[in-house]
Amino acid sequence: MKIVLIGATGFVGSAILREALDRGHEVTAIARDPEKLQPHAKLRPQKADVYNADEVARVVAGHHTVISAFNPGWANPDIYDLQIKGARAIIDGVKKAGIKRLLFVGGAGSLEVKPGVQSVDLPEFPAEYKQGALATRETLNLLRKEPSLDWTILSPSADLFPGERTGKFRLGADQLLRDVKGESRISVQDYALAMIDEVETPQHIRQRFTVGY
């Protein structure tokens, strides 16, 4: 499959890239610094302005699927506005290119911790992640109003950490998953596995889903 991966050098994007290449897919990797990408026979590094819908359309044209792991940076003071601006341009660019399948890396903040209450709205939600989490929630809202795309958002568990690719996890819908200890955890390697599984065998068209142990 020919995949475009936006944000390929980030924490989540790099794990998705590795999983996709290991499974034999051809990946056009969009990154701020594509020279950071290790050469691979099925990898095509590309630099592009993801805030420009026309440029997004140009680089994604001719591919089967687009995955966005775009994030302007958690420390960026304008993360909320920039993340939404990027999401809108990516959505518009993918539509202009005539591609139907678009997947986004979501956040845990918009998952419900109890009926009607999302994690990001709790007073104890970490302040340093709140604006990014709110922007990710708004991206989900944008996609839910989008009639023409076969979109999917995959939200991780609350603790997304570098670990092992176990292949042993659970999938959920809009509620935060917790293990037998009450913890909400998933390795970034298993998150990437779940993402590429969804690319290969779509099970959540026009839905958000989550993954956790």
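## Salt bridges and a helix pair

E146 is buried, because its relative accessible area of 8% falls under the 20% cut-off. The model described here is a predicted one.

The partner of E146 is K95: their side chains meet in a salt bridge, with 3.0 Å from N to O. This pair ties together distant parts of the chain, since E146 lies in the loop between α4 (127-144) and β8 (150-155), while K95 belongs to helix α3 (residues 79-96), 51 residues apart.

Side chains of opposite charge can pair when their charged atoms come close. How many salt bridges does a search of the whole structure find? The search gives 13.

D174 takes part in two of the pairs described here. One is with R144, where the closest N and O atoms are 3.5 Å apart. D174 sits in the loop between β10 (170-172) and β11 (185-187), and R144 in helix α4, so that this bridge too links distant parts of the chain, 30 residues apart. The other is with R208, where the closest N and O atoms are 2.7 Å apart. Here the loop between β10 and β11, which holds D174, is linked to strand β12 (residues 207-212), which holds R208, across a separation of 34 residues.

A further group is formed by E19, R23, R165, D197 and E200, which salt bridges with shared partners join into one network.

| Residue | Relative accessible area | Class |
|---|---|---|
| D174 | 25% | partly exposed |
| R144 | 43% | partly exposed |
| R208 | 6% | buried |

Helices α3 and α4 also meet each other. How are they oriented, roughly parallel or roughly antiparallel? Their axes come within 8 Å and cross at roughly 25 degrees. This angle is under 35 degrees, and α3 and α4 are therefore roughly parallel to each other. The crossing of α3 past α4 is right-handed.

On the α3 side, the contact is made by I79, Y80, Q83, I84, A87, R88 and I91. On the α4 side, Q131, G132, L134, A135, T136, E138, T139, L142 and L143 contribute.

Key
Residues numbered from 1 in each chain as written. Predicted model: local features only at pLDDT ≥ 70, side-chain atom pairs only at ≥ 80, totals over all residues. Heavy atoms only, no water. Salt bridge = Lys/Arg side-chain N within 4 Å of Asp/Glu carboxyl O. Helix = DSSP H or I, 4+ residues; strand = E, 2+ residues; numbered from the N terminus. Buried < 20%, exposed > 50% of the residue type's maximum accessible area, 1.4 Å probe, protein only. Axes fitted to C-alpha atoms, helices over the stretch in contact; angles between N-to-C directions. Parallel < 35°, antiparallel > 145°, perpendicular 65-115°, else oblique. Left-handed = near helix turned anticlockwise from the far one by under 90°. Contact = heavy atoms within 4.5 Å.
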